[in-house]
Amino acid sequence: MRKAIVAAGLLFLAVSVVPAPSWAASPKGNAGTLVIVFRDGHRQTFNLNEIERVEFPGSAVAEAVPAGPNQAPRGRYFGKWEVGDGSGGTFYITLKENGEAYRTLGDVHGHWAYVNGEAQITWNDGAQDALRRVGGRFQKFAYAAGKLFSDTPDNVTDAHNTTPRPI
């Protein structure tokens, strides 16, 4: 019995001197929090009740963990999209998993990235388009060359993925 008590005491001492990994708990030990430890060592704590989602757009993390064909939410943007041209007509935008983009309007190529929950496309002619989920549907926001994605769009039309993949 005495050996069991001594063994339990040694185990308690061993566990108490080994620090927990930085992801295991917040500095205060509060459950329901997320702690981010920055490269310079400082920490920032977030209450999980206040977080809707965590995204890693276009970062080294995104490159280290490549998006597969069924990965959501970035994966919901892969494929061929039928979109409006702002004048009552339609054209197609194709988004590839490797970041390449193609638009049938003007036969233009470009690149796209998943940023802030949307597909942002920069075309080789300088124009930009964003595919955004608005409510339960998608819309295309068109921006002329020289505008930012945060500017007022030149037109907004419905967008439909003609080749959706399961999420």
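I started with the ring cluster: ring pairs link Tyr77, Trp81, Tyr114 and Phe138. A pair here means rings of Phe, Tyr or Trp (its six-membered ring) with centres within 6.5 Å; planes under 30 degrees apart are stacked, over 60 edge-to-face, and the rest tilted. The model is predicted, so local features need pLDDT of at least 70 and side-chain atom pairs pLDDT 80 or more, while totals for chains, interfaces and linings use all residues. Numbering runs from 1 along each chain as its sequence is written, and side-chain values use heavy atoms, without hydrogens or water.

I counted the aromatic pairs next: the structure holds six. Tyr77 and Tyr114 have ring centres 6.0 Å apart and planes at 45°, so this pair is tilted. It links distant parts of the chain, 37 residues apart: Tyr77 sits in the loop between helix H2 (60–64) and strand S3 (79–84), Tyr114 in strand S6 (residues 108–115). Helices (H or I, at least four residues) and strands (E, at least two) are DSSP runs, numbered from the N terminus. Both Tyr77 and Tyr114 are buried. Buried is under 20% relative accessible area, exposed over 50%, partly exposed in between (1.4 Å probe, protein chains only).

I then looked at Tyr143 and Phe149. They form an edge-to-face pair, 5.7 Å centre to centre, with 75° between the planes. Tyr143 is buried at 3% relative accessible area. Phe149 also counts as buried, at 17%.

Which charges lie over ring faces? I found Lys80 over the face of Tyr92, 4.7 Å from the ring centre. Arg103 lies over the face of Trp123, at 5.1 Å. The test wants NZ of Lys or CZ of Arg within 6 Å of the ring centre and within 35 degrees of the ring normal.

Last entry: Thr122 and Gln128. Thr122 is in strand S7 (residues 118–123), Gln128 in strand S8 (residues 128–134).

Is Thr122 buried or partly exposed? I read 38% relative accessible area for Thr122, hence partly exposed. Gln128 counts as buried at 11%. A polar atom of the Gln128 side chain also lies 2.6 Å from the backbone oxygen of Lys147.

Conventions:
A polar contact is a pair of N or O atoms within 3.5 Å; within protein, one must be able to donate a hydrogen and the other to accept it, and residues adjacent in sequence count only if both atoms are side-chain atoms.
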